[in-house]
Amino acid sequence: LESLDIGAIREEFPILQREFNDEQLVYLDNAATTQTPDPVIDAMSDYYREYNANVHRGIHHLSQEASIAYEEAHDRVAEFIGASGGREEIVFTKNTTEAENLVAYSWGLNELGPGDEIVLTEMEHHASLVTWQQIGKRTGADVNYIRIDEDGRLDMDHARELITDDTAMVSAVHVSNTLGTVNPVSELVDIAHDHDALAFIDGAQAVPNRPVDVEAIDADFYAFSGHKMAGPTGIGALYGKKELLEEMQPYLYGGDMITKVTFEESTWNELPWKFEAGTPQIAEAVGLVAAIDYLEGIGMERIEAHEEEMARYAYEQLAAEDDVEIYGPEPGPERGGLVGFNLEDVHAHDLASIMNDHAVAIRAGDHCTQPLHDKLGVAASARASFYVYNTKAEVDKLVDAIDDARQLFA
Ligand code: PMP
């Protein structure tokens with residue numbers, strides 16, 4: 001793979017030119033939200049300048065243009081993640097969290113009951129963990145968790161023990177936002193299907209960073225967020241197999257999601273509109289398409305390779321420090337582009353705040369995986385997460401800031 005022209009890429013991200021305390025911003029919080037390149041900002045600004053209107057039923061020119069852009073955005077997302085059913089299999093949501101809730105409320109509340117089992121992993125984000133935990137409480141279904149081993153990998157023997165004919169849903173992260181682990185999701189989906197269970201894969205940390213083919217994985221549902229892939233906030237997508245989405249009840253009710261309404265009854269619109277009540281995220285859908293075009297223009301394989309290189313470089317530097325503990329697998333195909341760690345005797349928040357003094361932006365906290373942190377035996381961790389525009393020089397600044405923190409606190 002030809003390596004990337006990072007200098008040229010960086011110029012397309014205006015925010016990366018910012019400075020704090022006379023130091024150039026080093027943005028290493030990409031697993032939370034990535035930055036936005038000019039083509040995405042321009043696409044959204046063009047929408048508001050040229051064809052802003054409500055969608056679907058418009059007769060006038062602006063509404064027709066906005067409708068085409070909005071509706072075709074579903075096809076573009078389908079193509080990007082390998083959903084051959086096109087727009088009918090792509091529902092736009094607010095984010096990954098809403099996609100998870102959509103399936104939990106629409107499918108889970110209606111289909112689950114006492115005796116059914118929901119299987120999650122110990123490394124689930126709260127987006128799926130809290131959601132299915134609550135659905136379990138409301139329906140009487142049990143929730144069980146696939147264990148992780150010492151290196152932060154899923155214990156697949158435990159997965160095979162836990163997933164049985166009583167299992168109705170398996171929901172798992174594709175890539176952990178805390179450990180960086182890349183999970184064997186097709187294997188998990190196969191185990192679920194062997195027991196006639198459905199599988200929901202949380203792709204929030206996968207779709208932005210690597211090629212993803214939902215049909216090769218054979219996921220029943222797959223979700224991700226626009227704001228973690230150079231796109232805007234406020235939009236995410238739920239992929240669902242058409243036959244499943246067709247059978248499911250709507251999640252939200254209102255305008256646009258109906259076909260016929262009387263004072264007594266309503267019938268539902270066709271897919272995907274049945275799941276998109278009210279005025280949707282039109283500008284954001286336009287921005288998401290521009291983000292996909294942007295990422296594909298670079299190439300998802302190259303983005304994945306670059307992030308792996310960044311993560312490996314960061315991992316090796318941090319692993320060389322005796323007082324740094326790193327979570328998750330070693331660099332390689334089983335680790336995505338992030339490194340979670342702690343510096344002995346220094347709270348992750350203090351570390352992040354020292355980094356911030358040097359304009360290095362990292363995340364510190366529980367990263368919405370509190371039970372996983374309990375299991376790791378820490379309340380919080382620091383996390384550096386990489387994207388297409390990061391450089392080794394930025395990783396060096398991260399490591400220098402650790403030296404500073406050690407001197408100040410340890
Ligand atoms: N799942 C994972 C693995 C994540 O990393 C995140 C974001 N931190 C989410 C779900 C939730 O994404 P959002 O906040 O966009 O709904």
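This is a predicted model: local features need pLDDT of at least 70, side-chain atom pairs count only at pLDDT 80 or more; totals for chains, interfaces and linings use all residues.
Reader: Which residues make the contact of α11 and α14?

Author: From α11 come M310, Y313, A314 and Q317, and from α14 come K392, V395, L398 and V399. By class, these residues divide into 6 nonpolar, 1 polar and 1 charged.

Reader: What makes α10 roughly perpendicular to α11?

Author: The axes of helix α10 (residues 282-298) and α11 come within 5 Å and cross at roughly 75 degrees. The range for roughly perpendicular is 65 to 115 degrees, so α10 is roughly perpendicular to α11. Here L295, E296 and I298 in α10 meet M300, R302 and I303 in α11. The residues of this contact comprise 4 nonpolar, no polar and 2 charged.

Reader: Why is α2 called roughly antiparallel to α10?

Author: The axes of helix α2 (residues 38-51) and α10 cross at roughly 150 degrees and come within 8 Å. Angles over 145 degrees count as roughly antiparallel, and therefore α2 is roughly antiparallel to α10. The crossing of α2 and α10 is right-handed.

Reader: Which residues of α2 and α10 make the contact, and how do they divide by class?

Author: On the α2 side are P39, V40, A43, M44, Y47 and Y48, and on the α10 side are A283, V286, G287, A290, A291 and Y294. The contact has 11 nonpolar, 1 polar and no charged residues. Gly counts as polar, so G287 of α10 falls in the polar class.

Reader: What are the domains of the chain, and where do their bounds lie?

Author: The domain assignment gives domain 1 as 6-29 + 300-409 and domain 2 as 53-296. Their centres, taken over C-alpha atoms, are separated by 28 Å.

Reader: How do you know that domain 1 and domain 2 are in contact?

Author: Two residues are in contact if their C-beta atoms, placed from the backbone, lie within 7 Å. By that criterion, 24 residues of domain 1 are in contact with 23 residues of domain 2. On the side of domain 1 that touches domain 2, the elements giving two or more residues are α11, β14 (338-343) and α13 (370-376). The largest share, 6 residues, comes from α11. This side of domain 1 divides into 11 nonpolar, 7 polar and 6 charged residues.

Reader: Which residues surround the ligand, and what makes a residue count as near a molecule?

Author: The C-beta atom of the residue, placed from the backbone, must lie within 6 Å of the molecule. The ligand is surrounded by 15 residues, of which the closest are N95, T97, H125, N177 and S225. The shell divides into 6 nonpolar, 8 polar and 1 charged.

Notes. Residues are numbered from 1 along each chain as its sequence is written. Helices (H or I, at least four residues) and strands (E, at least two) are DSSP runs, numbered from the N terminus. Domain bounds come from an automatic or database domain assignment. Axes are lines fitted to C-alpha atoms, for helices over the stretch in contact, and angles run from 0 to 180 degrees between N-to-C directions. Angles under 35 degrees count as roughly parallel, over 145 as roughly antiparallel, 65 to 115 as roughly perpendicular and the rest as oblique. A crossing is left-handed if the near helix is turned anticlockwise from the far one by less than a right angle, and right-handed if clockwise.
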